[in-house]
Amino acid sequence: MSMRRTTVQAALKGVGSGAEARVMGWVRTRRDAKGFSFLEINDGSCLTNLQVIVDAGVQGADVLKDLGTGAAVAVTGELVPSPGKGQRFELRATGLELLGAADPEAYPLQKKRHSDEFLRTIAHLRPRTNKYGAMLRLRSALGQAVHAFFAARGFAWVQTPIITGSDCEGAGEMFRVTALSDAEACLPPGERAARDFFGKDAYLTVSGQLSAEPLALALGQVYTFGPTFRAEHSDTSRHAAEFWMLEPEMAFADLDDDMDLGEALLKHLVGVAVNDCAEDFGLFVKYVDPSLPETLGAILEQPFVRLPYAEAVDILSRAEAKFQFPVGFGCDLQSEHERYLTEKHFKRPVVVYDYPKEIKAFYMRQNDDGQTVAAMDVLVPGIGEIIGGSAREERLDVLTARIRELSLPMESYWWYLDTRRFGTVPHAGFGLGFERLVMLVTGIGNIRDVMAFARTWRHLEF
């Protein structure tokens, strides 16, 4: 047991070939022949299995009879060139050890394709399947690519609070956080809040943006990347109660800078998925969505269309397509509208900007026309909106007037307004839904299947 473990990924590349190696993993298949057996094992380090040849006389060969699919094993042996097709190296065992048995009659993952619906019921085991192992490795690579992208551009990674005392973001229903007993929670709202941990109502955040802005107005360029929460009672393929958001904020920046950064970021992350994760990406092309190379190629190879909201509405109004939701100036674009623009009309990503102020948040910078704000949404095929952002309203008088216009509690924003009182500057930022990014590069159509353990309406398993 003192020998250093060799991963399956390293073994398949021939790392340490010709010398003794120790590989550990889970059995995918076992095939017996006269005098020896073939094992296919995988340890999660890559998509491909490692073939292991076990002669009947090797140490530990007596456990072969117990090696069903799902059993965990440790194999010591020599890495040698493989005469078969499909892999360069295989492991010729000199010793075999059963680490953890798996009853073949009870183990729910057999050598066949399982439906996504079934796999959601065993989310604790589905990462061992090819599809979900590939998704999680891709997700990991994308997360690391996020940090590499912003580090290369001089952004500081900051951590904003998950617990907030304000629901002022206006991005959706919020979960309340409390330390009160059940009896205390039934007190009148004012008394309940006063007796709670923070002395006021507290919530799980829907966005790190308002906290990130002051940090950008000190450090210049920052980003926050972490979990956010929404409590909508929605049970659709696009909604989750807990999900991850990537939110950069830039001082001394306007809407054009915001659109430039969003486009560059998306191209970078898609490029990582296509070029740096070729094996895992290939699984999704083969088994999930064969059109992925074309869809993602349009993101990588062409500039994004930049389209004022008014022009987008005009295109949609003249479209021959039948939409479920009405189209008109002042209406928020729905997923069907966004996908029509990206999949039918332009056939590539579209950045829609200058939205009516009535359908956007209070903090977005008002344009000179008095009707629109400097907001932008990046729309992509298959998903619709993947990025939403804006230039932030840096003018104190305009911002306070907008807060009053919307009847928001001014006292909740004293600290936010201070950043406009003391050295205000133009600044901009956006939010990118990380799960939507994973859906985009994998072709997976349900948000429950691009996270390890989904938190959705009426579902808190695992």
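Let's start with helix 6 (residues 209-219) and helix 13 (residues 414-421), which pack at an angle of about 30 degrees with their axes 10 Å apart. This is a predicted model, where local features need pLDDT of at least 70, side-chain atom pairs count only at pLDDT 80 or more, and totals for chains, interfaces and linings use all residues. Residues are numbered from 1 along each chain as its sequence is written, and side-chain values use heavy atoms, leaving out hydrogens and water.

Helix 6 and helix 13 are therefore roughly parallel to each other (angles under 35 degrees). Their crossing is left-handed. On the helix 6 side, the contact (heavy atoms within 4.5 Å) includes Gln-209, Glu-213 and Leu-217, and on the helix 13 side Trp-415 and Arg-420 are among the residues taking part. By class, this contact has 5 nonpolar, 3 polar and 2 charged residues.

Now turn to helix 7 (residues 255-276) and helix 14 (residues 434-442), whose axes come within 10 Å and cross at roughly 50 degrees. That makes helix 7 oblique to helix 14. The crossing of these two helices is right-handed. Leu-266, Leu-269, Val-270 and Ala-273 of helix 7 meet Leu-437, Leu-440 and Val-441 of helix 14. Here the residues of the contact divide into 7 nonpolar, no polar and no charged.

What about the cysteines? Cys-186 counts as exposed because its relative accessibility is 68% (exposed means over 50%). Cys-331, at 30%, counts as partly exposed (between 20% and 50%, with a 1.4 Å probe and protein chains only). The count of disulfides comes to 0, taking a disulfide as a pair of cysteine sulfur atoms within 2.5 Å.

How values were computed. Axes fitted to C-alpha atoms, helices over the stretch in contact; angles between N-to-C directions. Helix = DSSP H or I, 4+ residues; strand = E, 2+ residues; numbered from the N terminus. Parallel < 35°, antiparallel > 145°, perpendicular 65-115°, else oblique. Left-handed = near helix turned anticlockwise from the far one by under 90°. Nonpolar A, V, L, I, M, F, W, Y, C, P; charged D, E, K, R; others polar.
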